[in-house]
Amino acid sequence: MLKYIDSVLLLFRSRFHRFAAFQWFVVIITGLMIRSDCLGVTSVIRDLALHPKGYESMIHFFRSSAWSLDELRHQWLRVVLKVAPLRREGEAVILVGDGVKQAKEARFMPGVKKLYQESEDVSKSAFIFGHLWGSVGLLIGDAGKTFCLPLSLRLHDGIQTIHQWENDGEAQGSHVVQMIDQGFSAARVLGRALFLLDRYFLSVPALRRLNQRNQEERTRLDLVTKAKTSCVAYEHPVQTGGRGRPRKKGTRLKVNTLFDTQANQFQATRLSLYDKEERISYLCRDLLWGQGLYQDLRFVLVVMGGRRSILVSTDPSLEPETIIRLYARRFTTETTFRALKQSLGAFTYHFWSRSMPKLNRYRKSDEAEPLDQVTEENVQKRICQTVKAIEGFMMCSCIAMGLLQMIALRKENKRQNKAFRFLRTPSKRAASEATIMAYLRQTIFQRFAQNQHLTITQIIQEKQETPEVHDELLIS
C-alpha cells in the first residue's frame, strides 16, 4: 500500500520548483490520510510526530511561490487519467458537480459572506456566514463499487474582487457559470465527458456557457440533470412556409402535465438503481427549453415508487434508461462530501490574513464592498496568497481522498478488509475511505513502534542530503 502511494505521489514531482516544497507536499498528503482528528494542519504535526517548529514551515508551504495551484490541479487530472479505474458511458467519462456551503466564523478570512442555506432540517439556520464551494468529481470503480473521486473544489462566491486583482479586472461569473467552466477544465484533460448536476444548475446562463465552450473547445461536455416540477417547455415549431421569420418555438407545454395526459404511453422496465433492483416507468420527449434560448433537450419523465421526476439531457443521443441510470449516480458526490467532512476533515482550514478588512456582519447590500478600498499592491498580494492557501489545502484534501478511494478499489487490498475496525454495516465489495484511513494509520504507527527514533522529520532531512534520489519511498 505504501509503495502504491509513493508511486502516485512521485508523479507530482515535476510540479514543484523546489524539492523541499515537494517533500512538504508528501508529508501533508500523508498526514491528511492518517490523522486522527480534524483540527487543521496542527493535527498533521501531532500524528506524524513532527517537530513543533515545522508548523510555521507547513503554514508557509500553502502560501509559497514554489508551486502553482493551477499546475497542481492539472497534474492531478493527468494522474487520475493514468492510474484510476474510470467509469465510462460509451467513450465519455462521467463527471459529477455540486455546490457545498461551509460555515466559517473568521472575521479576517477571504471569501466569507452571508449565504442562504436551503434545508428541510429545522435545526439549521436559514442564513449562515461561510464559503460557497464548487465541487467537480469523477466516477471511478466497477460494477461492484463506485466512488466519486474529487477532482477539485474552488471558491465560487465572495472573492469576485480578489479574482479581478489576479485576472486584470476580468469579472467572475455566477455559481452555475463557474461550475460549467470547472467541468470543462476537467474535460480538457479527461476527454469527452457527461456532467451530472442537480436541478439548480439547469438555467439559461449555464446552457449558454455550455454551448459557447463546446464551440471553442476541442472536447465536448454534455449535461445530465433534473428539471423542476414547474418546468415549462415548447414543442418543435411547425413552419408554415409563409412570409416572415421562421418560428423559434411551438406550443407551450407544462412538462409536469404529461404524467397525467400521456400516462398510457409510459414504458415499464426494471433498472438497477441505488444498489437495488427498481421497477420504474418512463416517457421520453424531445422538447425546446429556455426563454429566449429554446435549446433542444431530451426530457425523461420517470415514475418510481410513487414519486415523479423530470430528468434532462443536452445529448439527444442518450437512451432514456441511460439517463436514468446516470442521474442515480449523482448521489455519490454526497457520500464524498460526508467523507471529506467527517473522515478527512477537509473543511477544517483556518487560513486568514490581517491584511483582510474585518468582516462586517451587519453590512447593508447597498454599502460599498470593503475589498474595493484595498489599493496597495502588497496588501492585495497577501490576501491573494491567503485565498491560494485555502484552495490549496482543499486541493491537497482532494488528492488525499482520491488516493484513499483508489486504494480501496485495488483488488489486493480487498483481502485486507478485516474486522479490525467496527462497522455497523460492513461492505463486502470494497472498504470505505474511513476504513482505509484506519488501516493506513495502523500500518504507519506500527513502523514507528518498530523504530521509536524514526520520524518524518528525519526522513525529510535524509532526502535533503540526497536530493538526487527521487525514486525511493518517501513515507515508508
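**Rings, charges and a helix crossing**

Modeller: To start with one detail, the charged end of Lys-341 sits over the ring of Phe-347, 5.7 Å from its centre. Keep in mind that this is a predicted model.

Biologist: Which other lysine lies over the face of a ring?

Modeller: Lys-114 does, over the face of Phe-127, and the distance to the ring centre is 5.1 Å.

Biologist: What about rings with rings? How many aromatic pairs are there in the whole structure?

Modeller: The search finds 19 aromatic pairs. One of them joins Phe-16 and Phe-22: the ring centres are 5.9 Å apart and the planes stand at 50 degrees, so this pair is tilted.

Biologist: Is Phe-16 buried or exposed?

Modeller: Phe-16 has 4% relative accessibility, so it counts as buried. Phe-22 is buried as well, with a relative accessible area of 1%.

Biologist: And how are the rings of Phe-16 and Phe-61 arranged, stacked or tilted?

Modeller: That pair is stacked, because the planes are at 25 degrees, and the cut-off for stacking is under 30 degrees. The centres of the Phe-16 and Phe-61 rings are 6.4 Å apart.

Biologist: Where do Phe-16 and Phe-61 lie in the chain?

Modeller: Phe-16 is in the loop between α1 (2–9) and α2 (19–34), while Phe-61 belongs to helix α4 (residues 54–63). The pair therefore ties together parts that are 45 residues apart in sequence. Phe-61 is buried, as is Phe-16.

Biologist: Which residues do ring pairs link into a cluster along with Phe-16?

Modeller: The cluster includes Phe-12, Phe-19, Phe-22, Phe-25, Phe-61 and Phe-62. Trp-67, Trp-76, Phe-351 and Phe-393 are linked into it too.

Biologist: Changing topic to helices. At what angle do the axes of α5 and α7 cross?

Modeller: Roughly 50 degrees, and the axes come within 9 Å. Helix α5 covers residues 69–83 and helix α7 covers residues 175–190. The angle makes α5 oblique to α7.

Biologist: Is that crossing right-handed or left-handed?

Modeller: The crossing of α5 and α7 is right-handed.

Biologist: Which residues meet there?

Modeller: From α5, His-74, Leu-77, Arg-78 and Leu-81. They meet Ser-185, Ala-186, Val-189 and Leu-190 of α7.

Biologist: Why would residues three or four places apart point the same way?

Modeller: Because an α-helix has 3.6 residues a turn.

Biologist: Last one, on α1. How many of its residues are buried?

Modeller: Six of the eight, so α1 is mostly covered. The buried residues in α1 are Leu-2, Tyr-4, Ile-5, Asp-6, Val-8 and Leu-9.

Technical notes
Residues are numbered from 1 along each chain as its sequence is written. This is a predicted model: local features need pLDDT of at least 70, side-chain atom pairs count only at pLDDT 80 or more; totals for chains, interfaces and linings use all residues. Side-chain values use heavy atoms; hydrogens and water are left out. Rings of Phe, Tyr and Trp (its six-membered ring) pair if their centres lie within 6.5 Å; planes under 30 degrees apart count as stacked, over 60 as edge-to-face and the rest as tilted. Buried means under 20% relative accessible area, exposed over 50%, partly exposed in between (1.4 Å probe, protein chains only). Helices (H or I, at least four residues) and strands (E, at least two) are DSSP runs, numbered from the N terminus. A charge sits over a ring if NZ of Lys or CZ of Arg is within 6 Å of the ring centre and within 35 degrees of the ring normal. Axes are lines fitted to C-alpha atoms, for helices over the stretch in contact, and angles run from 0 to 180 degrees between N-to-C directions. Angles under 35 degrees count as roughly parallel, over 145 as roughly antiparallel, 65 to 115 as roughly perpendicular and the rest as oblique. A crossing is left-handed if the near helix is turned anticlockwise from the far one by less than a right angle, and right-handed if clockwise. Contact means heavy atoms within 4.5 Å.
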